[in-house]
Amino acid sequence: MFRAQWMSELTPGVSSSGLENRPRKTSTRGLGGKVTDTKAKQELAKEEKQARELFLKAAEQEQNGALYEAIKFYRRAMQLVPDIEFKINYTWSPDGDGVSKSYIEDTDEGSKMADLLSYFQHKLTFQDSSLKLCQPELDISQTHISVLPMEVLVYIFRWVVSSDLDLRSLEQLSMVCRGFYICARDPEIWRLACLTIWGRNCNKLLPYNTWRQMFLERPRVRFDGVYISKTTYIRQGEQSLDGFYRAWHHVEYYRYMRFFPEGQVMMLTTPEDPQSIVSRLRTKNTRTDAILLGHYRLSQETDNQTKVFAVVAKKKEENPIDYHRYRYFRRAPVQETDHSFHVGFQLCSSGRQKFNKLVWIHHSCHITYKSTGETAVTTFEIDKMYTPLFFARVKSFTAFSEKPL
């Protein structure tokens with residue numbers, strides 16, 4: 001405003017004494033003032049644009065390690081527009097490779113808050129104090145967590161995620177402050193989580209933009225709970241001796257599927273309700289005899305449907321009873337066999353939750369005779385008795401960490 005007023009005073013319609021020369025030239029002076037104001041605004045916009053370019057170039061030089069060159073560009077930008085750092089916001093690439101040349105106007109609050117990661121990184125980069133991810137809210141005598149470097153904080157966050165892939169706790173931790181938000185978005189944490197689930201099948205990031213987006217959107221089984229199905233049917237009993245009535249039995253049982261990030265799975269069929277069973281499924285070293293242990297894999301079909309295939313078998317006895325050592329037992333030797341069950345599911349989403357439903361598509365029993373090596377396969381028909389399994393989150397599964405991610 002000062003510059004525009006100063007230039008308007010230099011127009012020909014104003015005398016050195018500050019008074020108008022003649023009344024008939026008033027309109028000419030007013031028109032000339034408007035033209036001058038327009039030119040002044042254009043010059044201001046041009047200077048602000050030049051300052052933006054210098055500021056972004058300085059930020060890029062700073063990211064590349066050329067601090068001396070960055071200071072020169074910062075100085076030139078602030079000479080043109082002193083408060084240029086509050087008028088623009090540069091965006092960061094998802095993997096932290098540097099600064100892109102696009103900027104976001106601060107006047108548009110919606111676009112500024114669209115990418116919180118870039119916004120928080122920008123705020124932390126230009127703080128007046130030393131670069132710290134967070135600041136203590138109250139004065140304390142003990143050492144605050146903000147003293148730790150970012151590498152140590154990221155390692156602590158890997159303990160939060162743990163080998164159980166508890167990314168839910170990581171998202172809750174990111175709501176503490178801006179610095180924790182930045183650490184929780186570290187690409188390496190999400191890349192390790194994706195490699196743990198899909199292995200070599202996720203070498204390429206495309207079509208996703210970030211590793212976090214891949215983890216959230218790509219179909220996968222969930223590890224922080226159990227998939228449960230409840231089956232109920234009526235079975236006819238035997239007729240009474242006098243023939244007056246016939247008993248009917250109401251049969252009810254549950255199926256449980258517990259997946260682990262290492263590719264292992266547990267399966268259990270029992271009439272006991274979830275409240276008494278879920279606590280036994282926390283670890284693979286359970287003492288429940290009826291549990292079947294095995295491995296699973298995810299399959300992405302051509303019809304864009306994700307399927308889960310698993311092979312489970314009963315735990316082998318460590319010390320089987322040897323009947324041959326008893327002299328007076330004359331029993332025919334029982335042919336030793338190995339039983340395994342092959343199951344297949346289609347992974348679906350139901351309601352607001354993602355990947356929380358498993359629909360049966362295959363169930364078969366494989367019996368292998370050790371003496372001959374032959375295998376007999378019995379395939380079961382998938383009918384209404386095979387009800388879908390729905391996911392139920394169990395908080396105790398992620399209550400503590402055994403090892404970091």
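Leaving aside neighbours within four places in sequence, Thr-231 is in contact with Val-251, Glu-252, Tyr-253, Arg-255, Met-385 and Thr-387. The model in which these contacts are found is a predicted one, and within it Thr-231 belongs to strand S3, which covers residues 225-239. With a relative accessible area of 2%, Thr-231 counts as buried, because that term applies to values under 20%. The side chain of Thr-231 also takes part in a polar contact of 3.4 Å with the side chain of Thr-387.

The strand that holds Thr-231 leads on to a series of pairings. S3 pairs with strand S4 (residues 246-259) in the antiparallel sense, over 11 bridges, and Tyr-227 has Met-257 in S4 as its bridge partner. These two strands form a hairpin with 6 residues between them, and in the turn Gly-243 has a positive phi of about 80°.

S4 in turn runs antiparallel to S5, to which 6 bridges join it, with Phe-259 standing opposite Val-265 in S5. Here too there is a hairpin, with 4 residues between the strands, and Gly-263 takes a positive phi near 95°. S6 then pairs with strand S7 (residues 306-314) over 9 bridges in the antiparallel sense, where Tyr-296 stands opposite Ala-310.

Pro-219 is found between helix H10 (211-217) and S3, and its relative accessibility of 25% makes it partly exposed, because the value lies between the limits of 20% and 50%. Beyond neighbours within four places in sequence, Pro-219 is in contact with Trp-198, Leu-298, Thr-306, Leu-347 and Phe-355. Although Pro-219 and Ser-299 are 80 residues apart along the chain, their C-alpha atoms are separated by 10.0 Å.

It remains to consider the confidence of the prediction. The chain has a mean pLDDT of 77, with 78% of its residues reaching 70 or more. Over residues 15-29, however, pLDDT stays under 50, and the model has 7 contacts beyond four places in sequence for this stretch. Residues 90-114 likewise have a pLDDT below 50, and for them the model has 51 contacts beyond near neighbours in sequence.

Definitions and conventions
Residues are numbered from 1 along each chain as its sequence is written. Side-chain values use heavy atoms; hydrogens and water are left out. pLDDT is the predictor's confidence in each residue, from 0 to 100. Contact means heavy atoms within 4.5 Å. Buried means under 20% relative accessible area, exposed over 50%, partly exposed in between (1.4 Å probe, protein chains only). A polar contact is a pair of N or O atoms within 3.5 Å; within protein, one must be able to donate a hydrogen and the other to accept it, and residues adjacent in sequence count only if both atoms are side-chain atoms. Two strands pair if DSSP finds at least two bridges between them.
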